[in-house]
Amino acid sequence: MLMCRDLARIASDYIDDELGTAQKLSVKMHLMMCRYCRSFIGNLRASTALMQAHSSQKLDEEFLRRIEERVADSLNARNTGNRNPE
Ligand SMILES: [Zn+2]
């Protein structure tokens with residue numbers, strides 16, 4: 001029988017769907033009986049999703065910022081070239 005502390009140890013693997021069928025089943029059976037672990041898994045799942053959303057958003061922002069810099073740089077170079085032809 002799976003104990004709460006066993007479940008806490010494999011909770012992130014359960015969320016990532018990296019457990020074997022037997023282990024997954026025993027987690028599900030424990031969750032049916034234990035509301036503490038149900039809310040624990042729920043919180044963990046929510047914070048994992050939040051972290052993933054946050055990190056991908058951060059990547060996008062960084063990517064956009066770099067594109068903006070590239071565009072600004074090439075515009076500056078062109079303007080400088082037009083104003084000061086040598
Ligand atoms: Zn439990």
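**View 1. Helix α1, residues 4-15, in a predicted model.** Helix α1 has 12 residues and reaches 16 Å from its first C-alpha to its last, close to the 16 Å expected at 1.5 Å a residue, where the expected span is 1.5 Å times one less than the number of residues. Helices here are DSSP runs of H or I with at least four residues, numbered from the N terminus. The model is predicted, and local features need pLDDT of at least 70, side-chain atom pairs count only at pLDDT 80 or more, and totals for chains, interfaces and linings use all residues. Residues are numbered from 1 along each chain as its sequence is written.

**View 2. Confidence along the chain.** The protein chain averages a pLDDT of 87, and 92% of the residues score at least 70; pLDDT is the predictor's confidence in each residue, from 0 to 100. Confidence is lowest in helix α3 (residues 35-83), with a mean of 84, and highest in α2, at 96.

**View 3. Asp17, in the loop between α1 and α2**. Although Asp17 is not a glycine, it has a positive phi of about 60°, and this residue comes just after α1. Asp17 counts as exposed because it has 7 C-beta neighbours inside 10 Å; a residue is exposed if 12 or fewer other C-beta atoms lie within 10 Å of its own, buried if 20 or more do, and partly exposed in between, with C-beta atoms placed from the backbone.

**View 4. Helix α2, residues 21-33**. The 13 residues of α2 should span 18 Å at 1.5 Å a residue, and its end C-alpha atoms are 19 Å apart, which agrees. Helix α2 is hardly covered, since the count of buried residues among its 13 residues is one.

**View 5. The packing of α1 and α2.** Two packed helices are described by the angle between their axes and the distance between the axes. Here α1 and α2 pack at an angle of about 115°, with their axes 11 Å apart; axes are lines fitted to C-alpha atoms, for helices over the stretch in contact, and angles run from 0 to 180 degrees between N-to-C directions. The contact is made by Leu7, Ile10 and Tyr14 of α1 and by Gln23, Lys24, Val27 and His30 of α2, residues being in contact if their C-beta atoms, placed from the backbone, lie within 7 Å.

**View 6. Ile10, a residue of helix α1**. Ile10 counts as partly exposed because it has 16 C-beta neighbours inside 10 Å. Leaving aside neighbours within four places in sequence, Ile10 is in contact with Leu19, Gln23 and Val27.

How values were computed: Helix = DSSP H or I, 4+ residues; strand = E, 2+ residues; numbered from the N terminus. Contact = placed C-beta atoms within 7 Å.
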